[in-house]
Amino acid sequence: MIIESWQNHVDWVKSLPPAELKLLNSADFNNSETTQTITNSEIPPEQINYEIIAEKSHFYSLRDQLLFMFAPELRQEYENYVSQQAANSGYRTLVTSNLQQASDLTVANLFHYFNIRDESQQEVNQ
C-alpha cells in the first residue's frame, strides 16, 4: 500500500509540466502560512467524547455502547447477564432495576468484567 502510494506520487510528479514542477520545488511547506494547527474547538465533539470514554472502557465495551444505540434490546440482555453474574458473586446492588438507571458505559463495562472473569475461571478449571 505504501509502495503503491509512493509510486503514484512519483508518477504524478513526472506528469507535471516544468513550470509547475519548478513552483512545487520552490514551495516552502514549513512556513507559518501553510502550517495549520488543530485546536480543541476544531476537534469534533464525538472524537473528544470517544477519547474520554476510551480511557475508561474495555475495547469491546466501546463497541457494545454503540450497539446499544442501534439495538436497545441488546442492553437488556447485558443487564440480565450482569444481574445474574452479580447475584452469583454476592454483589447485591447490581440488580436489574439499578442497572436500568446506569449508563451504557457502566452496563457494557460490567458485562465485559464478568465475561472476562468467567472465561478466566473456565480456563483454570480445564
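At what angle do helix 5 and helix 7 pack, and how far apart are their axes? In this predicted model, where local features need pLDDT of at least 70, side-chain atom pairs count only at pLDDT 80 or more, and totals for chains, interfaces and linings use all residues, the angle is about 55° and the axes lie 9 Å apart. Residues are numbered from 1 along each chain as its sequence is written, and side-chain values use heavy atoms, with hydrogens and water left out.

Helix 5 covers residues 72–89 and helix 7 covers residues 104–125; helices are DSSP runs (H or I, at least four residues) numbered from the N terminus. Axes are lines fitted to C-alpha atoms over the stretch in contact, with angles from 0 to 180 degrees between N-to-C directions. Helix 5 and helix 7 are therefore oblique to each other, a term for angles that are not under 35 degrees (roughly parallel), over 145 (roughly antiparallel) or 65 to 115 (roughly perpendicular). Their crossing is left-handed, that is, the near helix is turned anticlockwise from the far one by less than a right angle, while clockwise is right-handed. Among the residues of helix 5 that meet helix 7 are Arg75, Tyr78 and Val82, contact being heavy atoms within 4.5 Å. This contact holds nine nonpolar, four polar and five charged residues (Ala, Val, Leu, Ile, Met, Phe, Trp, Tyr, Cys and Pro are nonpolar; Asp, Glu, Lys and Arg are charged; the others, including Gly, are polar).

Helix 4 also packs on helix 7: their axes come within 9 Å and cross at roughly 130°. Helix 4 and helix 7 are therefore oblique as well, with a right-handed crossing. Helix 4 contributes Tyr60, Ser61, Arg63, Asp64, Gln65 and Phe68, which face residues of helix 7 including Asp104 and His112.

The axes of helix 4 and helix 5 come within 5 Å, crossing at roughly 125°. Here Asp64, Leu67, Phe68, Met69 and Phe70 of helix 4 touch Pro72, Leu74, Arg75 and Tyr78 of helix 5. Seven of these residues are nonpolar, none is polar and two are charged.

The largest pocket holds about 230 Å³ of space. Its lining consists of Glu46, Asn49, Tyr50, Ile53, Leu62, Gln65, Leu66, Met69 and Asp104. A pocket is an open set of points on a 1 Å grid over the protein atoms alone, where a 1.4 Å probe fits, with protein on both sides within 12 Å along at least five of seven lines; lining residues have an atom within 4 Å of a point. Helix 3 (45–56) and helix 4 (59–70) each supply at least two lining residues.

Technical notes:
Grid points are joined across faces, edges and corners, and a volume is the space filled by probe spheres set on the points.
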